[in-house]
Amino acid sequence: MKRWQRQTVGMAWGMGLCVAALACAQQPKAGTAKASGFSAQTVEEKARALAAKPYQEPPVGVPPSFEKLTYDQYRDIRFRDSASLWREEALPFRAQFFHPGFYYTRPVGVNVVEGGKARPVPFSTEQFTYGPLVGTPPKGKVNGFAGFRLNAPLNTKDYYDELVVFLGASYFRALGKGNVYGLSARGLAIDTAQPGGEEFPTFREFWLETPAKGSDTVVVHALMDSPSVTGAYRFAIRPGERTVMDVDSTVFARKAVRQLGVAPLTSMFLFGENDRGDFDDFRPEVHDSDGISVWTKNGEKLWRPLKNPKQIQTSSFHTDGLSGFGLLQRDQAFTSYEDLEAHSERRPGAWVEPVGDWGAGSVRLVELPTREEIHDNIVAFWVPDAPVQAGAQLRFSYRLSWGFSPEGAKAGGSTVAATRVAAGSKPGARRFVLDFTKASVEGTGPVEAVVTASRGQVLHPRAEVHAVTGGFRAAFELMPDGEGPVELRCFLKRGSETLTETWSYLWIP
């Protein structure tokens, strides 16, 4: 993703948090247009028909004055809480909408589904208040919205918290109980960090199923379009300690795709304990996620701390069977961030768990250099080994969980809690100190650090019980051989028993 596009997305999410809920307006109703039949196959049929036609860029759908809104002006347009969809019916979910304009000049259609029928939700200026920085509402017809958010009683039974936002291209993000917004997800990522630039598929239209009274789930359908692909998506969303989305997607390829990124996650890493760089900042760490976790079906669990590299860096974790992957914020101590505004310790992680067999492929991690925390410079996604040819139809189903521990009870075992890097005891050597959490199994006998390096010499590997945390600490030194990068791995064992996940790190001189 180009850096200016990342900045745009980061600003958009910030504005999503600032759209206040104000009172006094009519609740939006389904449009006067004739209702159309809707079923689980409706969106897939639309995507298939769209893929058979040449791609057409959607036209700008707002008056010129709203194309030129500044960031502060866009923030001054606020949705009225009393206009929330489903508010009058006292349903367990409510929908609110984002005004088109600023960077969101091509509105998307939103429909409400009830009783097997779909009707469009019409845009109306009465749904919004326009502050002094904006003045008068837009004149002329506006077809659709920039996006929408869903609210639900997430943290308490009596208040409808913001739960999930769909806004911009195919981006969306959600919260588990107690979280504040951090990383985001996308429908697809195409040619990320590839020569020739990245392509950004867009959700063109949404269908919101009216939830039943007392239901714990709300269902959203989305139609995707881009020069290379179209797609039909279904999201079944359940709020909780871990907010869970069951995602079903069908993708139609208009043309061959070099790199298809499935279930992409996007986050920000400026600096941390393992990679502080030269940032002169009062905060010890600044990031929305501190590492990527990858689980394979053969039982291997990998953890790689994130970095803010000097140049674009891509890592690939190949497996014949994927159990899950995610970008996580494991460090949840306020003292690690000291940020009373951002509260990075409350940022959620996101975990992707395939449903069915995705076959052979790779989890790919892309880390881009950045000097500012407004940039989402981390992307992770699944790339199938099988090439995507023109005319192909692909199906991917997965469970996407958001929360402090989105992996759930399956996490288990001893995991990496911290990575620190410093000068070694000899000129040119680097020292690595790794902290692991307490193991879930008890035992006696010495603990051994098993360390491997793709090249160079590993010196003084050792492991011991961490007297303060009850976990373990491992330490070793690397004496590099040459100037190139070194792939490092470390795990702890006691006798023949593996105690921890595998720490994986790409060290670059």
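Predicted model: local features only at pLDDT ≥ 70, side-chain atom pairs only at ≥ 80, totals over all residues.
Glu 273, Arg 420, Asp 435 and Arg 473 are linked in a network of salt bridges.

Twelve residues from domain 1 and 15 residues from domain 2 take part in the contact.

Next, the area. About 1,200 Å² is buried between domain 1 and domain 2, and carbon and sulfur atoms give 41% of that. On the side of domain 1, three residues stand out: Glu 273, Trp 303 and Arg 304 supply 39% of the area that domain 1 buries against domain 2, more than any other three residues.

How many salt bridges cross the interface of domain 1 and domain 2? The rule finds four. As for polar contacts, twelve residue pairs are counted between the two domains. Two strands of domain 1, β20 (301–305) and β21 (313–319), each supply at least two residues of the side that touches domain 2. Strand β20 gives the most to that side, with five residues.

The side chains of Arg 304 and Glu 487 meet in a salt bridge, at 2.3 Å from N to O. Arg 304 lies in strand β20 and Glu 487 in strand β32 (residues 486–494), so this pair ties together parts that are 183 residues apart in sequence. Glu 487, at 28%, counts as partly exposed.

Let me step back to the whole structure, where the search finds 23 salt bridges. I will take two more of them.

One is Glu 44 with Arg 48, with the closest N and O atoms 3.3 Å apart. Why are these two separated by about one helical turn? Because they are four residues apart in helix α2 (residues 42–51). Glu 44 is buried, with a relative accessible area of 16%, whereas Arg 48 is partly exposed at 38%.

The other is Arg 254 with Asp 225, where the closest N and O atoms are 2.7 Å apart. This pair links distant parts of the chain: Arg 254 is in the loop between β15 and β16 (260–267), Asp 225 is in strand β13 (residues 218–225), and the two are 29 residues apart. Arg 254 counts as buried at 15% relative accessibility, and Asp 225 counts as buried at 5%.

Strand β15 covers residues 243–253, and ten of its eleven residues are buried. What does β15 pair with? Strand β14 (residues 229–238) pairs with β15 in the antiparallel sense, over ten bridges. β14 and β15 form a hairpin, with four residues between them. Within this pairing, Phe 235 stands opposite Val 247 in β15.

Strand β26 (residues 393–403) also runs antiparallel to β15, and ten bridges join the two. Here Asp 246 stands opposite Arg 399 in β26. As a general point, in a regular strand the side chains alternate between the two faces of the sheet.

Ala 439 is in the loop between β28 (430–436) and β29 (448–453). Buried or exposed? Ala 439 is buried, with a relative accessible area of 10%; the cut-off for buried is under 20%. Which residues does Ala 439 touch, leaving aside neighbours within four places in sequence? They are Ser 414, Phe 472 and Leu 499. By contrast, Val 165 and Ala 439 are 274 residues apart in sequence, and their C-alpha atoms are 37 Å apart in space.

Conventions:
Residues numbered from 1 in each chain as written. Heavy atoms only, no water. Buried < 20%, exposed > 50% of the residue type's maximum accessible area, 1.4 Å probe, protein only. Contact = heavy atoms within 4.5 Å. Pairing = 2+ DSSP bridges. Buried area = accessible area lost by both parts, 1.4 Å probe. Polar contact = N/O pair within 3.5 Å; in protein donor to acceptor, adjacent residues only side chain to side chain.
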